[in-house]
Amino acid sequence: MAEDLVFTLINDSSLTVVEMYVSPVGEEMWGENILTVDGVAPGVSGEVTIADGLDVCEYDMRYVSAEGDEATDTQNLCELATYTLTD
C-alpha cells in the first residue's frame, strides 16, 4: 500500500508560488494543483503532501508564480525532507 509523500517546501526565491503540480516521471499530464494555500510568499515554508495513492518516488514538479513565471524540476520525493525553490 502506497504512503503519502510529505516534505517541506521552502520558497527561497523572489517570487510568490501560487500553483504546484506533480506527476510521476514519464507521465504526459500534470496532476491538479496540490497547493492548499493561495500562495507561498518569498521566505515562507510549509508542508506539502502528495497523496496520489501511487507507489513511486521519482516525480516531475512544476511551480507557477503569481507573476506568471514557471519552473520545473525532477526529484526523488521518497528521499526528500525539504525542497528549496530558488531564483
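Reader: Which residues is L77 in contact with, leaving aside its neighbours within four places in sequence?

Author: Contact means heavy atoms within 4.5 Å. By that rule, L77 is in contact with L5, F7, I50, C57, Y59 and M61. A word on the source: this is a predicted model, where local features need pLDDT of at least 70, side-chain atom pairs count only at pLDDT 80 or more, and totals for chains, interfaces and linings use all residues. Residues are numbered from 1 along each chain as its sequence is written, and side-chain values use heavy atoms, with hydrogens and water left out.

Reader: Which residues touch the most other members of the largest nonpolar core?

Author: A nonpolar core is a set of buried Ala, Val, Leu, Ile, Met, Phe, Trp, Tyr and Cys residues joined through side-chain atoms within 4.5 Å. Buried means under 20% relative accessible area, exposed over 50%, partly exposed in between (1.4 Å probe, protein chains only). Here the core has 17 residues, and F7, L9, M20, M61, Y63, L77 and Y83 touch the most other members. At least two core residues come from each of β1 (5–11), β2 (17–24), β3 (45–50), β4 and β6 (82–85). Strands are DSSP runs (E, at least two residues), numbered from the N terminus.

Reader: Is R62 buried or exposed?

Author: R62 counts as buried because its relative accessible area is 18%. R62 sits in β4, which covers residues 58–65. Not counting residues up to four places away in sequence, R62 touches E19, M20, Y21, W30, E70, A71 and T72.

Reader: And A51, buried or exposed?

Author: A51 is exposed, because its relative accessibility is 56%. You'll find A51 in the loop between β3 and β4.

Note on methods
Helix = DSSP H or I, 4+ residues; strand = E, 2+ residues; numbered from the N terminus.
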